[in-house]
Amino acid sequence: MNEKRKKGSIGKILLWAILIIMAVIQIFPLIWLVDFSLCSSNEMFTSGLLVIPERIRWDNYVIAFRDGNVMHYLLNSIIINVLAVIIVIFISMMAAFACTRMHWKLRSFVMTLMLLGMMIPIHATLLPNYKIYNYFHITDTIWALLIPYVAFSLPQALFLMTGFLASIPKELEEAAVIDGCGVYRVVFQVIMPLLKPSISTVAIMTFLNNWNEFMMASTYLSTPKWKTLPFSVLEFTGQYSSNYAVQFAVMALSAAPAVIVYIVLNKHITKGVAMGAVKG
Amino acid sequence: MNKRVLALLMTGVMLAGVLTGCGGSSAGSNQSASNTEASADGEVTLKVFSNLPDRKNGQGLVEQMIIDDYMAENPNVKIEVEALDEEAYKTKFKAYAMDGMPDVVSIWGQPSFLDEVLDAGVLAELNEDDYKDYGFIAGSLEGFKKDGKLYGLPRNTDVQLIYYNQKMFDDNGWSVPTTYDELLKLVGDIKAAGIAPIAMDGGDGWPMATFLTDIMVKVAGTDYAKSVSDSVAAGNFDTPEFKQSVEVLKQLVDAGAFQTGYDAQDYGTAMNLFTNGQAAMFAMGSWECSMAKNEDIPEDIRTNIRAFTFPVIVGGKGGANDIAAWNGGGYAVAADSAVKDEAIKFLNYMYQPDKLSKYGWENGVGMSAQDQTSYLTGDETELQLSVMDMVKNATSVSGTPINDCGPATFKTVMESEIQGVSNGSESIDDFIKAIGEACK
């Protein structure tokens with residue numbers, strides 16, 4: 001009896017140790033980011049993992065706000081990302097329902113077509129898309145970012161949604177239909193609440209994927225009107241060397257919303273991924 | 001039943017897509033029209049596409065100052081700047097080359113960049129005679145020409161230098177090497193004192209390539225440019241002068257001339273080794289002369305920075321006054337700009353001697369490609385003056401650094417493989433073969 005407990009406690013200590021080490025490794029980049037954002041550019045290059053700054057330089061953040069256009073770009077980032085997340089959830093949920101629960105001739109074809117999008121590398125589409133957007137005069141508008149952001153997030157979202165949807169018993173819908181629900185009420189009032197874990201997973205993935213995206217944004221946008229947060233970092237990039245300390249401050253500012261979103265939705269994400277994976 | 005609902009839904013989605021698409025397009029076209037064309041009341045909008053995203057410091061500040069001046073003097077002109085850093089700039093430049101090139105753009109007067117651009121015909125031809133009185137340094141326009149026609153103007157003169165810490169040299173009884181053998185000995189002495197001899201940004205590739213250019217100038221002398229362009233044309237770098245230059249580089253690495261881990265460290269790291277006094281020398285271009293004015297650098301180091309060029313190699317054709325210098329970056333005007341006349345007017349305005357040259361000199365961003373002697377303010381640092389003398393006393397100037405002499409693939413291969421050949425993971429013969437292949 002006693003021995004058993006001992007064994008258990010050793011195992012527990014080991015487990016805790018490993019988990020703590022993992023947690024430290026995971027959280028270290030964030031600590032490092034904040035640490036470097038508070039010291040001067042020169043202190044950054046002294047040896048040692050973390051720097052204890054001579055004096056804490058909040059002015060890095062002040063400069064970031066003043067010269068980096070942070071507020072404007074942050075607002076743009078939030079608008080574009082929130083819209084992208086909503087559109088992706090909306091389309092992927094309806095498409096998943098249509099492709100798994102409804103019976104029509106082309107459903108597996110449409111599904112494959114949409115999932116095929118996962119195989120297209122983003123960089124290959126950069127120049128052709130630019131040409132197409134230019135033809136339709138939508139470069140430098142919000143559409144130039146929304147369209148690709150939604151398009152590139154959709155396949156993954158659809159994949160997760162269909163996997164999760166398969167685990168929801170059909171009988172629920174049958175009952176709803178018997179009670180007099182139409183298709184839309186079935187989707188939005190019966191299925192949607194049940195899909196909550198999967199919706200938050202999709203939300204988090206879409207958000208994190210697009211929050212730091214720069215390549216497409218830099219190609220499709222030219223005026224500051226719709227520029228997103230990653231452009232703020234650029235404002236401090238010199239021709240040969242950069243103001244690293246302020247760049248760290250900007251990066252800390254742009255990492256913050258992503259971290260917050262993750263913490264808020266974190267409860268659901270693990271559940272969503274796991275359930276979708278098994279029942280897929 | 002299901003089918004019909006679905007069809008309806010799909011139609012709805014498609015219709016919505018079409019509608020929003022149209023809405024976006026009409027708004028967009030209005031915008032672009034107002035951006036590029038001169039409207040009735042003489043308002044002109046110039047779009048400037050720049051590779052200098054930091055508008056508050058250095059060259060970016062100089063550019064912005066001139067733009068502000070121009071807008072103040074010409075109230076009917078509005079200048080919109082779009083700035084990206086070098087990599088993103090080059091990607092977007094390709095997109096713009098297909099469609100909608102901004103009116104005034106940053107360019108590089110080097111074959112690796114300019115050849116493709118001129119073949120695409122996106123840059124406007126400039127009249128060379130207009131620039132006779134602008135005081136451009138002899139030969140500085142050559143990189144911006146094709147078939148005798150001028151397509152752009154150079155912004156800077158860059159010189160490849162080895163900066164050193166005068167105080168550290170004096171304290172230890174070291175002296176500036178005048179021959180390669182002295183340099184090798186100096187490297188040994190500095191190493192023995194426990195200091196890194198030369199801080200090198202080996203992580204980026206290009207600083208080592210420009211360093212190699214300086215070596216080759218000392219090996220091949222005035223034949224440098226011809227030798228390199230012949231090699232690029234033939235796709236064969238197996239020439240005695242090139243091979244010897246690479247061997248010299250390798251020898252220096254083997255002697256421990258660069259700091260430990262130089263091939264993985266970037267610009268800022270290398271520079272900070274030098275400015276913190278952990279390295280005695282720093283190999284970089286003349287644009288870093290502003291170090292002498294940088295308040296962030298400790299004063300006893302800042303005021304003691306001096307520079308020399310790569311020492312003479314015994315048996316080499318290059319003398320001490322044959323220097324590795326070039327006029328890389330510059331500006332051009334788009335060929336299909338709707339406001340071409342205004343764009344050229346603005347370009348010429350930038351190059352008025354009291355703009356780029358004067359502002360650049362006053363802000364310590366390096367030397368312009370024009371005659372600057374009339375702008376000496378009297379409080380130049382000794383470093384600035386000595387580098388200016390180097391250019392003034394030069395018997396020959398190399399032109400384009402070696403990595404920028406060939407097509408874009410050559411540049412990429414050269415800059416990535418030069419790490420391998422310097423740290424010994426690739427043999428010199430393999431290196432020569434690889435960069436030769438990249439020219440074909």
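In which crossing, left-handed or right-handed, does α3(A) pass α9(A)? The legends below begin with the overall chains and then take up this crossing. The model is predicted, and local features need pLDDT of at least 70, side-chain atom pairs count only at pLDDT 80 or more, and totals for chains, interfaces and linings use all residues. Residues are numbered from 1 along each chain as its sequence is written, while chains are lettered from A and ligands numbered from 1 in the order in which they are written.

**Figure 1. Chain A, with twelve helices and zero strands.** Helices (H or I, at least four residues) and strands (E, at least two) are DSSP runs, numbered from the N terminus. Along the principal axes, the C-alpha trace of chain A spans about 75 × 70 × 30 Å. Chain A has a radius of gyration of 24 Å, whereas a compact globule of 280 residues would have one near 19 Å. The radius is taken over C-alpha atoms, and the globule rule is 2.2 Å times the number of residues to the power 0.38.

**Figure 2. Helices α3 and α9 of chain A.** The axes of α3(A) (residues 70-100) and α9(A) (residues 196-211) come within 9 Å and cross at roughly 140°. Axes are lines fitted to C-alpha atoms, for helices over the stretch in contact, with angles from 0 to 180 degrees between N-to-C directions. The angle makes α3(A) oblique to α9(A); angles under 35 degrees count as roughly parallel, over 145 as roughly antiparallel, 65 to 115 as roughly perpendicular and the rest as oblique. In answer to the opening question, α3(A) passes α9(A) in a right-handed crossing. A crossing is left-handed if the near helix is turned anticlockwise from the far one by less than a right angle, and right-handed if clockwise. Among the residues that meet are A:S77, A:N81 and A:V85 of α3(A) and A:I199, A:F207 and A:W211 of α9(A), contact requiring C-beta atoms, placed from the backbone, within 7 Å. The contact of α3(A) with α9(A) has nine nonpolar, five polar and no charged residues. Here Ala, Val, Leu, Ile, Met, Phe, Trp, Tyr, Cys and Pro count as nonpolar, Asp, Glu, Lys and Arg as charged, and the others, Gly among them, as polar.

**Figure 3. Helices α6 and α9 of chain A.** Helix α6(A) (residues 143-165) packs with α9(A) at an angle of about 155°, their axes being 10 Å apart. That angle makes α6(A) roughly antiparallel to α9(A). The crossing of α6(A) past α9(A) is right-handed. Contact residues include A:Y149, A:L160 and A:F164 of α6(A), and A:S198, A:M205 and A:N209 of α9(A).

**Figure 4. Helix α5 of chain A and helix α3 of chain B.** The axes of α5(A) (residues 126-135) and α3(B) (residues 86-98) come within 10 Å and cross at roughly 45°. The two helices are therefore oblique to each other, and their crossing is right-handed. A:L127, A:Y130 and A:K131 of α5(A) make the contact with B:K94, B:A95 and B:M98 of α3(B). By class, four nonpolar, no polar and two charged residues take part in the contact of α5(A) with α3(B).

**Figure 5. The domains of chain B.** An automatic or database domain assignment supplies the bounds: domain 1 of chain B covers 44-155 + 327-375, and domain 2 covers 158-325 + 384-437. The centres of the two domains, taken over C-alpha atoms, are separated by 28 Å. Domain 1 of chain B gives twelve residues to the contact and domain 2 of chain B gives 18 residues.

Note on methods:
Two residues are in contact if their C-beta atoms, placed from the backbone, lie within 7 Å.
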